Amino acid sequence: MKNFMRSDLLFSLCGLNCGLCPMHLDGHCPGCGGGEGNQSCKIARCSLQHGNPEYCSQCQEFPCEKYEDIDMFDSFVTHRNQKKDLKKQQEIGVEAYRKEQEEKICILEWLLQNGNDGRKKTFFCVSVNLLELEDVKNVMEQIESAGKLGELPLKEKAAYVTGQFQKEADKKGIVLKLRKKK
């Protein structure tokens, strides 16, 4: 979108974790406010009209009517935690939230390099996005302590890692699938 630029390309204006999105990871999207490739966005236009805050949570009107049902459906990245993540960022601070996000990105990159059989990218992106960092770390510790990943064929490795994340999500009552608009 013309004249819409932001410094944080990993966490969008509206609360999407761009750094955990398959489109961003593949270089198809620069992230919110990253210049060329950005699509027109009503929230970006709103930001420009309200003094261009870096995050909607910095606007006095947050959460406004634009956030009604914003998390009902997903795109390439899950939208389920938009409001929750913006509120978390407000509570713990921008730097602490970014540090957590960067840890999640490192874990996601490891998963994609070591546990992806070519069919698990979206699953891993959604898992790391929806689970809290501590839960993701716990799953990674379980995977590491099993100590058998190195000897498994890729398909079995992917199934094992996916199963560990699914167990954690089941405990938390989280569905690890994107929700498409009908």
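Author: Contact means heavy atoms within 4.5 Å. With residues up to four places away in sequence not counted, F124 touches L108, L111, L112, G115, N116, V161, T162 and F165. The model is a predicted one, in which local features need pLDDT of at least 70 and side-chain atom pairs count only at pLDDT 80 or more, while totals for chains, interfaces and linings use all residues. Residues are numbered from 1 along each chain as its sequence is written, and side-chain values use heavy atoms, with hydrogens and water left out.

Buried means under 20% relative accessible area, exposed over 50%, and partly exposed in between, with a 1.4 Å probe and protein chains only. A nonpolar core is a set of buried Ala, Val, Leu, Ile, Met, Phe, Trp, Tyr and Cys residues joined through side-chain atoms within 4.5 Å. The largest such core has 26 residues, and those with the most contacts inside it are L111, F124, I143, V161 and F165. Two or more residues each are given to this core by α4 (94–114), α5 (121–130), α6 (133–146) and α7 (154–172); helices here are DSSP runs of H or I with at least four residues, and strands are runs of E with at least two, numbered from the N terminus. The most, six residues, comes from α5. A second, separate core of 19 residues includes F4, I43, A44 and C56.

Eight of its ten residues are buried, so α5 is largely enclosed by the rest of the structure. These buried residues are F123, F124, C125, V126, S127, V128, N129 and L130. They pack against α1 (22–25), α3, α4, α6 and α7.

On a 1 Å grid over the protein atoms alone, a cavity is a set of points where a 1.4 Å probe fits but cannot get out, and lining residues have an atom within 4 Å of a point. Grid points are joined across faces, edges and corners, and a volume is the space filled by probe spheres set on the points. The structure holds one cavity of 30 Å³ or more, and the largest cavity contains about 110 Å³ of space. Its lining has 14 residues, of which D85, K88, Y97, K104 and N129 lie nearest the centre. At least two lining residues come from each of α3, α4 and α5, with the largest share, four residues, supplied by α4. By class, the lining has four nonpolar, four polar and six charged residues; Ala, Val, Leu, Ile, Met, Phe, Trp, Tyr, Cys and Pro count as nonpolar, Asp, Glu, Lys and Arg as charged, and the others, Gly among them, as polar.

Q89 counts as buried because its relative accessibility is 3%. Beyond its neighbours within four places in sequence, Q89 is in contact with F11, Y55, S57, V94 and Y97.

The cysteines complete the account. A disulfide is a pair of cysteine sulfur atoms within 2.5 Å, and by this rule the count is zero. C56, a member of the second core, is buried at a relative accessible area of 12%. The closest cysteine sulfur to that of C56 is in C14, at 6.4 Å, too far for a bond.

How values were computed. On a 1 Å grid over the protein atoms alone, a cavity is a set of points where a 1.4 Å probe fits but cannot get out, and a pocket is an open set with protein on both sides within 12 Å along at least five of seven lines; lining residues have an atom within 4 Å of a point.
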